[in-house]
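Student: Before we use any labels for this model, I would like to see each one checked against its criterion.

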Amino acid sequence: MSTIAAVLAATTPSPSPSGVPDVDVTPGVAGFVAIALVAIVTILLVVDMTRRIRRTRYRAEIRERLEAEVSGDSADGPVTDEPRRRADEDGRADVGDDTERG
């Protein structure tokens with residue numbers, strides 16, 4: 001049996017590395033367009049996320065200022081005829097959110 005295997009191994013050519021043209025292994029125009037779209041979408045998402053984080057941070061600062069103003073006015077501030085802002089159910093003052101709370 002080993003002689004048959006040796007004969008078959010000797011007659012079967014071993015695969016040699018073939019020269020594959022570079023055109024067959026490059027992504028081409030479709031690959032470039034796909035990567036460019038992914039890059040553009042990523043940049044747009046980062047810009048949108050930055051805007052949302054900044055907006056949230058500014059709203060928190062405004063809420064803190066309003067809460068400090070309300071607590072400062074009630075303790076030792078002057079009495080004015082100016083109406084105070086009503087706080088929502090969750091204790092936050094209405095600062096002109098552009099989103100609806102549902």
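Tutor: We take the labels one at a time.
This is a predicted model, in which local features need pLDDT of at least 70 and side-chain atom pairs count only at pLDDT 80 or more, while totals for chains, interfaces and linings use all residues. Residues are numbered from 1 along each chain as its sequence is written, and side-chain values use heavy atoms, with hydrogens and water left out.

Student: What is the mean pLDDT of the protein?
Tutor: The mean is 75, and 53% of the residues reach 70 or more; pLDDT is the predictor's confidence in each residue, from 0 to 100.

Student: Why is valine 33 called partly exposed?
Tutor: Buried means under 20% relative accessible area, exposed over 50%, and partly exposed in between (1.4 Å probe, protein chains only). Valine 33 has 41% relative accessibility, so it counts as partly exposed. This residue lies in helix H3 (residues 28-76). Aspartate 48, at 31%, is therefore partly exposed. Buried residues make up 5% of the 102 residues in the protein.

Student: How do you know that aspartate 48 forms a salt bridge with arginine 52?
Tutor: The criterion is a side-chain nitrogen of Lys or Arg within 4 Å of a carboxyl oxygen of Asp or Glu. For aspartate 48 and arginine 52 the closest N and O atoms are 3.0 Å apart, and a search of the whole structure finds one salt bridge. The two residues are about one helical turn apart because they are four residues apart in helix H3.

Student: Why does the charged end of arginine 57 count as sitting over the ring of tyrosine 58?
Tutor: The definition requires NZ of Lys or CZ of Arg within 6 Å of the ring centre and within 35 degrees of the ring normal. The charged end of arginine 57 sits over the ring of tyrosine 58, 5.9 Å from its centre.
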